[in-house]
Amino acid sequence: MSGPFKRLETQVVHAGDPRPRIDGAVEIPIFQSATYEYRGEARYDDVRYLRLNNTPTQLALQAKIAALEGAQSALVTASGMAAITTTLLTVLTAGDHLLAQSCLYGGTHDFVTREFAGLGLSADFIDADRPETWRAQLKPNTRAVYVEAMTNPLLEVADLSAVVEFARAHRLLTIIDNTFASPVNYRPIAAGFDLSIHSATKYLNGHSDIVAGVVSGSQALIERIRHKANYLGGSLDPHAAFLVNRGLKTLVLRVRYQNESTLRLAQFLESHPAVNAVHYAGLASHPRHERARRLFAGFGGVLSFELQGGAERADEFASRVQIPAVAPSLGGVHTLLTRPATTSHSGLAPEDRRRLGISDGLLRLSVGVEATEDLLEDFAQALR
Ligand SMILES: *Cc1c(COP(=O)(O)O)cnc(C)c1O
């Protein structure tokens, strides 16, 4: 359903909605029904049943996200991790090898490092910034490359164009976790990736009130992933699907505002004498600023920074700010602050964290949609 819905701002509101409207309702209703009357469906995957990801509220959301991603098809799942694990378990089978970016989201990293061997799968981690090193890590059984749009918590930007070129040359499938960028800032399918995954818990839903995930790509690939998902069972409840659909309507407004607000906060922090370092690709000082400018329409709503004085100062700062909640997760309307050494990366040994550049005093900020001036004033008082 592209037709008149050409641009992202229009698609987030209209794409995927049933036409004609159901009983004239301008909003897609929540179809809270587990099962539907049999209409002669021939294949199991076509039987209309909630777990099989083919009921009206799920289908409307899938069609909307496919439009936003510029993909033929999309599958929504019960969480971002359900999308990630189901996708990997579909495209890889026993004996296959994966090349993955070295600084992955914690859950993905643990799945690859702890579960792969038992499934007969293997993986190697690549330095996504150094394409000249990848060829040496290629094996005859390498099937796919898995990367993230921006890494957590240091906001590194891999050479994503080189990833696509390398994969084409070696006939590998490309998978990207596009959560941090959102379709507003990066459209991986147009850039040549085969599959784009989101934790819809973050920007797509945007309100920190549900968990959900999505994977988008070609009709043929998504059909295979859907078939696997129908066994594994991580399907999205209609009420949660309705909420993601509702959250998406303001995605463009939220993310563009968050892009602007985060850049101003990054500039403020960078110029403050109590701050040692700021990691944000929108800053001219970021080592991959030029690359990020080429790839992305905006630099996103997450930054990280280090205060002088390490962990103790960081905790003191976190206890003084009044607007941000001190909580993990990101991408919502509320500004959230965390110290990765105690949350997302607490499972790593201190020396491993240091090797990755994640100091004990590093703070990660997910900027919400509050007034930028209020956040700036709050940060200034907390730093005094
Ligand atoms: C949160 C997150 C996930 C996991 O998503 P859930 O919805 O919590 O399962 C995966 N990747 C990234 C980059 C994330 O931020």
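In what order do the five strands of the open sheet stand? Good morning, colleagues. The order is β8-β9-β12-β11-β10, and the pairing is mixed. Strands β8 (275-279) and β10 (325-326) stand at the edges with a single partner strand each, so one side of each has no neighbour in the sheet.

The model is predicted, so local features need pLDDT of at least 70 and side-chain atom pairs count only at pLDDT 80 or more, while totals for chains, interfaces and linings use all residues. Residues are numbered from 1 along each chain as its sequence is written, and side-chain values use heavy atoms, leaving out hydrogens and water.

As to terms, helices (H or I, at least four residues) and strands (E, at least two) are DSSP runs, numbered from the N terminus. Two strands pair if DSSP finds at least two bridges between them.

Within this sheet, β9 (residues 302-307) and β12 (residues 362-366) run antiparallel and are joined by five bridges. Val302 stands opposite Ser366 in β12. Helix α11 (residues 310-320) lies across β9, β10, β11 (336-338) and β12, at about 125° to β9. Such angles run from 0 to 180 degrees between N-to-C directions, with axes fitted to C-alpha atoms, for helices over the stretch in contact; contact means heavy atoms within 4.5 Å.

I turn to another open sheet, of seven strands, ordered β1-β7-β6-β5-β4-β2-β3 with mixed pairing. Its edge strands, β1 (73-77) and β3 (122-126), each pair on one side only. Strands β5 (residues 173-177) and β6 (residues 195-199) pair in the parallel sense over three bridges, and Ile175 stands opposite Leu195 in β6.
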